[in-house]
Amino acid sequence: MRTMKVKVANPSTIGEVLPGADESGRPVLAAIANNRVVPLAEPMIGTPELTPLTRADAQGFEVDRNSLVFMLAKCANELFPRGTFRVRHSVGAALWCTLEPEKGGNSSTPQMSPFEIVDRLRPAMAELQKADLPITVEPVSYQDAVELFKGLGRVDEVNLLRHRNPPTVPLTRCGDFSALSQTTLAPSTGVVGPYELVPVDDGIVLNVSSAEKSDEVVPLPYVEPYFKVFRRQGVRTAVTGVETIGDLNQMIQDRRFDVFVRTVEALQTKELAGIADQIASHKPAVRLVLLAGPSSAGKTTTAHRICTQLRVNGIKPMLLSTDDYFVGDARNPRDENGNLDYETVEAVDAERLAADLNALFAGEAVHLRKFDFLKHDGYDDAKETRMDPKGVVVLEGIHALNPRLTRGIADDLKFKVYLNALTQLVLDSCNRISATDTRLLRRLVRDYNYRGCSPLKTFELWPNVVAGERKWIYPYQGQADAVFNSSLDYELAVLKPYAAQLLNQVKPWDAAYLEARRLSGILHNVSNARADAVPGDSILRETIGGSQLEY
């Protein structure tokens with residue numbers, strides 16, 4: 001739907017001056033008003049530029065999905081008033097949620113399976129959608145909000161509010177159910193798109209339509225790699241006791257942050273050591289370790305640390321990056337709009353990379369490629385490099401799992417590692433922090449510090465980055481021999497002082513303002529923490545600087 005300018009004689013809400021649906025009959029769920037996603041109940045002020053949003057729009061999709069999460073939380077709260085519901089992680093377009101029917105898991109009470117829980121939630125969700133109840137936002141005093149959530153036993157919300165002090169707190173309400181307002185939701189429960197509830201791996205997958213296929217539920221992707229990571233995250237939580245942003249803020253306030261950082265880093269090191277052990281024990285012997293993942297997932301540091309663990313196993317690794325084999329702007333392909341497409345696999349000189357790898361494995365001396373990111377051009381390293389006869393090449397990069405880059409090398413000589421920053425901490429029961437948002441915050445800081453890139457430029461490039469990941473990276477994740485979660489449960493507290501000042505550079509008239517404000521809203525919930533607590537070999541040092549590793 002097109003952006004429109006409207007003018008009304010009397011004060012009205014935005015919803016009153018917009019069409020109720022788009023040309024295909026999809027309900028309008030919210031609107032973009034002067035670069036902000038706003039609910040339809042937002043008052044009209046002046047003559048704003050308005051863009052109606054349906055679930056077929058990217059922002060409308062988020063409104064639709066977040067509304068379904070809110071509805072699921074309402075049903076869970078009514079069916080299991082002594083339970084704990086949380087939205088956790090994305091699984092493609094879907095969301096994985098958990099519901100513990102009774103807080104603390106009373107051992108004397110028979111445990112309900114996810115299938116039994118879903119069997120009770122399905123009719124409740126269907127009835128709620130049929131009832132088409134209004135979803136409203138109401139400001140209440142800070143004290144009333146705290147007392148409300150304390151009385152309901154909603155620990156996540158109480159912990160989050162404990163570290164904030166606004167005079168009023170906006171609450172999203174539907175019937176008797178209330179939640180902290182963190183995102184824009186649909187005006188009622190009857191206008192949401194198609195969905196299904198699937199019991200999976202001790203939890204519930206809320207499967208939804210996508211912006212591209214907004215009128216049908218998208219088939220779930222291959223979920224096992226996701227849940228391998230999710231299970232390990234459960235181990236992390238059991239060790240650290242930190243599951244929400246409120247828990248993290250309390251760690252900082254209690255001056256236990258340094259110990260928490262060391263524990264989180266040690267857990268990551270232990271996991272990387274396990275991957276190195278798999279490589280060392282692999283038969284036949286591995287010659288090429290391939291490490292891929294989306295932008296700002298921490299590939300370079302992870303590759304360095306895997307090399308360290310391989311040395312512990314008596315293996316001599318050689319580290320290469322696909323980034324060094326970028327073809328440069330003069331040869332780089334362009335997208336359909338004529339812009340340089342840095343995400344395509346064609347941006348990598350696959351012929352040269354494959355030739356260098358095969359020459360190394362043959363024992364030949366090679367002048368490896370290097371890339372100057374400031375000049376956007378590559379060059380040959382002046383020194384010759386030769387591989388140890390019993391060594392291993394570790395190749396990292398967004399396309400490292402793409403077989404086009406390593407053709408001519410037998411698959412049984414390769415070990416494939418996929419990584420992503422799958423953020424574990426949630427804001428509260430209804431609001432999560434996505435892995436994509438964490439990576440974007442990392443990239444904003446890294447690009448500004450090391451690639452001479454302004455926040456506006458990073459925001460401009462980001463949609464192409466995400467589109468490239470869907471096309472070139474995610475299709476290969478199911479082939480991985482190991483999956484590594486590079487997120488750090490403390491990182492948002494350290495990133496906040498760096499990222500906040502960059503986000504503040506984006507002004508209301510900038511196209512990126514919508515996203516900048518949304519990310520600022522997430523960081524508003526997080527307490528600041530000191531960067532000097534971060535170890536020199538941490539993945540986070542790749543973003544904030546001060547790494548003891550050589551890049």
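User: Is Phe326 buried or exposed?
Analyst: Phe326 is buried, with a relative accessible area of 15%. Buried means under 20% relative accessible area, exposed over 50%, partly exposed in between (1.4 Å probe, protein chains only). This is a predicted model: local features need pLDDT of at least 70, side-chain atom pairs count only at pLDDT 80 or more, and totals for chains, interfaces and linings use all residues. Residues are numbered from 1 along each chain as its sequence is written, and side-chain values use heavy atoms, with hydrogens and water left out.
User: How many aromatic pairs are there?
Analyst: The structure holds 5. Rings of Phe, Tyr and Trp (its six-membered ring) pair if their centres lie within 6.5 Å; planes under 30 degrees apart are stacked, over 60 edge-to-face, the rest tilted.
User: What kind of pair do Phe326 and Phe371 make?
Analyst: Edge-to-face, because their planes are at 85 degrees, with ring centres 5.6 Å apart. Phe326 lies in the loop between β13 (317-321) and α10 (350-361), and Phe371 in strand β14 (residues 369-372), so the pair ties together parts 45 residues apart in sequence. Helices (H or I, at least four residues) and strands (E, at least two) are DSSP runs, numbered from the N terminus.
User: Which residues are in the cluster linked by ring pairs?
Analyst: Phe326, Phe371 and Phe373. Phe326 and Phe373 are edge-to-face too, 6.2 Å centre to centre, with 85 degrees between the planes.
User: New topic. What sits over the ring of Phe373?
Analyst: The charged end of Arg451, 4.1 Å from the ring centre. That call needs NZ of Lys or CZ of Arg within 6 Å of the ring centre and within 35 degrees of the ring normal. Phe373 is partly exposed, at 26% relative accessible area.
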